[in-house]
Amino acid sequence: MPSQVVASRIRGFISLNAHPAGCAANVDAEIAVALAGAPQAGLSDALVIGASTGYGLSSLVSAVFGYGARATAVCLERPPQGDKTASAGWYNLAAVQQRAQAAGREVAVVNGDAFSREVKQQTLAHLKSIGARLDLVVYSLAAPKRTDPATGTTYSSVLKPIGAPFHSKSVSLGNDQVTSVEIAPASEADVEATRKVMGGEDFVDWMRALGEAGLLARGCRAIAYSYVGPALTFPIYRSGTIGKAKEDLEAKTRELSDWMAERVGGSAYVGVMKGLVTQASAAIPVVPLYISLLYKVMKEAGTHEGTAQQITRLFRDHLAPGVRPTVDELGRIRLDDRELAPSIQAQVSARWDQVTTENLADLSDYASFRGDFRRLFGFEVPGVDYAAPVETDVPLKLV
Ligand code: NAD
């Protein structure tokens, strides 16, 4: 069993390692947020696909600790190997499993490619073996590629504008400089590939497989996450390749909702969430600079939320048993209301015009962006002794 001092090895928006004690401390902080004011009961079985980091991890924690669910978590994470640490999501789920067990709750973990038929079959077999009747399914995958099981073709998603190049300010996470970037427009094949990866096909495949296996409880609710954002990021996000994929997810979710209503008296939703620092969002050009400005403005206004706060609000106001979700004209639950408030966006946009490398620290909360990014991997977490050796070979009980 290797015990070692783990120093962060971050290159741009990629982290090469993770700190087990820091990840466990992050999970404890998430649990504390999920417990506050929650009934700790109400759900019986939940399935969270993409449950190891970001919005999916917060959803898992809320379902289990806030609403008492027995949960199954699907993820794609790297186990520890020799003196190489595991990925952050592995340590996160190991901590969730440990804390759940201590609280008398169960969290089963399936680690593998959620897009594949094998992982769906493995998950279904596990759910049948425990006699699960799912009253909540959360779909929170953010993936760079997908092999379509029907054809065997592998698609890679891209983050590009459509139609014309996009010129914008951006911050380089490598050297903290505000620079101008030009991003070339996507080809039609790029648009389609991104839709295949991040659109709604796989969410529908999961729900149909679960429904056909008789695993959905009466009144089951399913939710997937989307983003809209401000006009400032439209060319790279909502009007770009990823936005097209999100439109597909939203349209397919509306059809899915009709199918669930007919089949089990249930419903499917898209939750439009706030822009936040996660492994997925840090990789999107322009977005880190926008998020740094947004954090500053929202913190000053007292309306800033992290993934845990966003998800606890989603559960409390919309998804909790007996609560009827409030939806927009497209049937989406909006958790981005505070981000898109006109007073917030007016300030972000004014700062966007002024921001340079020299005034970045004053105008934005870039320091928080960087800190939050490092915390995703368990580094710079308050209360953790980084000089002390830690056991990196942390077990995760897999299905
Ligand atoms: P994230 O990178 O933190 O989490 C992605 C999850 O997907 C992880 O659990 C990872 O293990 C899992 N995963 C990736 N590929 C997989 C595969 N092939 N098989 C199994 N699991 C796999 O991402 P996130 O930012 O929390 O994003 C989750 C969802 O929320 C996405 O749909 C994203 O578009 C949406 N969203 C994110 C933001 C944001 O600002 N971060 C805002 C609104 C909506």
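Leaving aside its neighbours within four places in sequence, which residues is Ala 186 in contact with? They are Lys 160, Pro 161, Val 191 and Thr 241. Contact here means heavy atoms within 4.5 Å.

This is a predicted model: local features need pLDDT of at least 70, side-chain atom pairs count only at pLDDT 80 or more, and totals for chains, interfaces and linings use all residues. Residues are numbered from 1 along each chain as its sequence is written, and side-chain values use heavy atoms, with hydrogens and water left out.

Ala 186 sits in the loop between strand E11 (178-183) and helix H5 (188-198). Helices (H or I, at least four residues) and strands (E, at least two) are DSSP runs, numbered from the N terminus. Ala 186 counts as buried because its relative accessibility is 15%. Buried means under 20% relative accessible area, exposed over 50%, partly exposed in between (1.4 Å probe, protein chains only). Pro 165 is 21 residues away along the chain, with 8.7 Å between its C-alpha atom and that of Ala 186.

**Glu 201**

Glu 201 lies in helix H6 (residues 201-212). At a relative accessible area of 18%, Glu 201 is buried. Its side chain makes polar contacts with the side chains of Arg 146 (2.9 Å) and Lys 196 (3.0 Å). A polar contact is a pair of N or O atoms within 3.5 Å; within protein, one must be able to donate a hydrogen and the other to accept it, and residues adjacent in sequence count only if both atoms are side-chain atoms. Not counting residues up to four places away in sequence, Glu 201 also touches others, including Asp 148 and Asp 248.

**The ligand**

The ligand is surrounded by 31 residues, each with a heavy atom within 4 Å of it. The closest are Ser 52, Ala 114, Lys 246, Leu 276 and Thr 278.

| Residue | Protein atom | Ligand atom | Distance |
|---|---|---|---|
| Gly 54 | polar backbone atom | oxygen | 3.4 Å |
| Asp 113 | polar side-chain atom | nitrogen | 3.0 Å |
| Ala 280 | polar backbone atom | oxygen | 3.4 Å |

Taken alone, the ligand exposes 840 Å², and the protein buries 93% of that. These areas come from the Shrake-Rupley method with a 1.4 Å probe; for residues, only the protein chains shown count as cover. Helix H2 (54-66), strand E12 (216-226) and helix H8 (279-282) each give two or more residues to the shell. The largest share, three residues, comes from H8.
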